[in-house]
Amino acid sequence: MDVLVCDLGFSSATWIYGGRKGRIISAFSYNGENLLIGEEALLSSGSSYLKTMEELGRYYPVFIEHCQKVAATGGDLLLAVGLPYSYWQEQNKPGGAVPALAKSLTCGAIKEVAIFPQGLGGIRDYLDKLDERPTGNVLGIDIGFNTIIFTLFSPQRKQIIYGKTLNKRGVHQMATGFLLPRIKSLAPSGTFTPVEIAFLIEKGYLQYGFERHDVTKEIHEAGIAYIEHIIRDVQGELQAHVGMHADFDRVLLFGGGAALLKDEFPAKNIEVVILPEPEFANARGFLSLAGGK
């Protein structure tokens with residue numbers, strides 16, 4: 001049975017099927033008659049990004065259906081999807097949201113559904129490419145639009161030591177706290193809606209009338225400053241919850257936010273690895289976990 005991966009987050013849905021892959025912006029708009037999703041919705045009035053776990057679950061079937069059309073799937077499917085780690089851990093029980101989502105997605109060509117914790121996929125993707133498993137722990141940081149998921153994983157024990165979803169963190173916070181102060185001279189109004197911020201990050205420029213300002217350099221600098229801040233914050237969380245077991249030899253950065261760093265990060269005492277095509281790392285890991293190629 002073929003595997004279709006669709007990892008829906010608050011910034012985008014990434015999909016992989018049969019050697020093809022794509023990304024759909026997690027925006028939607030509804031005018032009472034038509035439901036638009038993706039970039040088409042982002043450019044229409046009244047559009048909104050997915051913001052809550054309830055919206056994520058409600059719109060998952062819509063994005064899956066769209067992915068099936070775009071990927072031109074055929075035949076029976078095993079569908080692999082992801083949910084934020086803390087929510088997955090809390091709701092993966094009889095009567096919880098995880099089995100309810102699996103039931104709602106099992107229809108038509110989709111015969112089986114596997115739901116994995118987001119964050120674990122990127123770590124699996126990284127380990128798959130190594131000849132042998134490292135001895136030290138690895139810390140995976142999955143940077144989304146308004147969440148950050150960190151996962152401390154022991155490759156030798158094949159076990160998650162600790163993980164947590166940090167809400168109201170991610171690309172939106174990076175933009176408001178670290179990017180906008182750098183470009184305030186280019187933004188006279190000084191205010192941006194979340195949709196406008198997402199558009200700014202995606203396109204890398206500001207445009208007023210006939211003037212367009214490239215801000216990719218400022219986005220990259222803000223991304224580095226923000227992730228240094230996040231790594232310090234995550235270290236504090238780990239020491240508070242797992243104490244002496246909080247050590248790790250390397251940090252893996254992936255998710256849409258890691259794509260802002262391109263291929264470089266000024267590492268200091270800890271090895272920091274930005275996974276290739278970081279926005280697809282979770283999806284690649286889910287494909288591996290589901291037994292696909």
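How many of the residues of helix H9 (residues 281-289) are buried? In this predicted model, 8 of the 9 residues of H9 are buried, so the helix counts as mostly covered. The buried residues are Ala281, Asn282, Ala283, Arg284, Gly285, Phe286, Leu287 and Ser288. After H9 comes Gly291, which has a positive phi near 90°.

E7 pairs with strand E1 (residues 2-8) in the parallel sense, over 5 bridges. Within this pairing, Leu4 has Leu79 of E7 as its bridge partner. E7 is also joined to strand E8 (residues 110-117), by 7 bridges and again in parallel. Here Leu83 stands opposite Pro117 in E8.

**The sheet E5-E4-E6**

An open sheet of 3 strands, paired antiparallel, has the order E5-E4-E6. Its edge strands are E5 (35-37) and E6 (48-49), each of which pairs on one side only. Between E4 and E5, which run antiparallel, there are 3 bridges. Tyr30 stands opposite Leu35 in E5. Helix H2 (residues 53-71) packs on this sheet and touches E4, E5 and E6; the direction of H2 makes about 80° with that of E5.

**Ser26**

Ser26 sits in the loop between strand E3 (20-25) and strand E4 (27-30). Ser26 counts as buried because its relative accessibility is 0%, under the 20% limit. A polar atom of the Ser26 side chain lies 2.7 Å from the backbone oxygen of Gly9. Leaving out residues up to four places away in sequence, the residues that Ser26 touches include Leu8, Gly9, Phe10, Ser11, Ser12 and Ala13. Ser48, Tyr49, Leu50 and Phe63 are also among the residues touched by Ser26.

**Cysteines**

Cys6 is buried, at 0% relative accessible area, and Cys67 is buried at 0% relative accessibility. The search of the whole structure finds 0 disulfides.

**Gln156 and the loop between E10 and E11**

Gln156 is in the loop between strand E10 (147-154) and strand E11 (159-167). With 47% relative accessibility, Gln156 counts as partly exposed. Apart from neighbours within four places in sequence, Gln156 is in contact with Arg133, Pro134 and Thr135. The side chain of Gln156 has a polar atom 3.1 Å from the backbone oxygen of Arg133, and this side chain reaches the backbone oxygen of Pro134 at 3.0 Å. Gln156 and Asn137 are 19 residues apart in sequence, with a C-alpha to C-alpha distance of 8.3 Å.

**Two lysines with positive phi**

Most residues other than glycine have a negative phi. Lys158 and Lys168 have positive values although neither is a glycine. Both lysines are listed below.

**Helix H6**

Which residues of helix H6 (residues 171-179) are buried? They are Val171, Met174, Ala175 and Leu179. These residues lie on the same side of H6, because they cover an arc of only 100° around the axis.

Methods:
Residues numbered from 1 in each chain as written. Predicted model: local features only at pLDDT ≥ 70, side-chain atom pairs only at ≥ 80, totals over all residues. Heavy atoms only, no water. Helix = DSSP H or I, 4+ residues; strand = E, 2+ residues; numbered from the N terminus. Buried < 20%, exposed > 50% of the residue type's maximum accessible area, 1.4 Å probe, protein only. Polar contact = N/O pair within 3.5 Å; in protein donor to acceptor, adjacent residues only side chain to side chain. Contact = heavy atoms within 4.5 Å. Disulfide = S-S within 2.5 Å. Pairing = 2+ DSSP bridges. Axes fitted to C-alpha atoms, helices over the stretch in contact; angles between N-to-C directions. Arc of directions from axis to C-beta.
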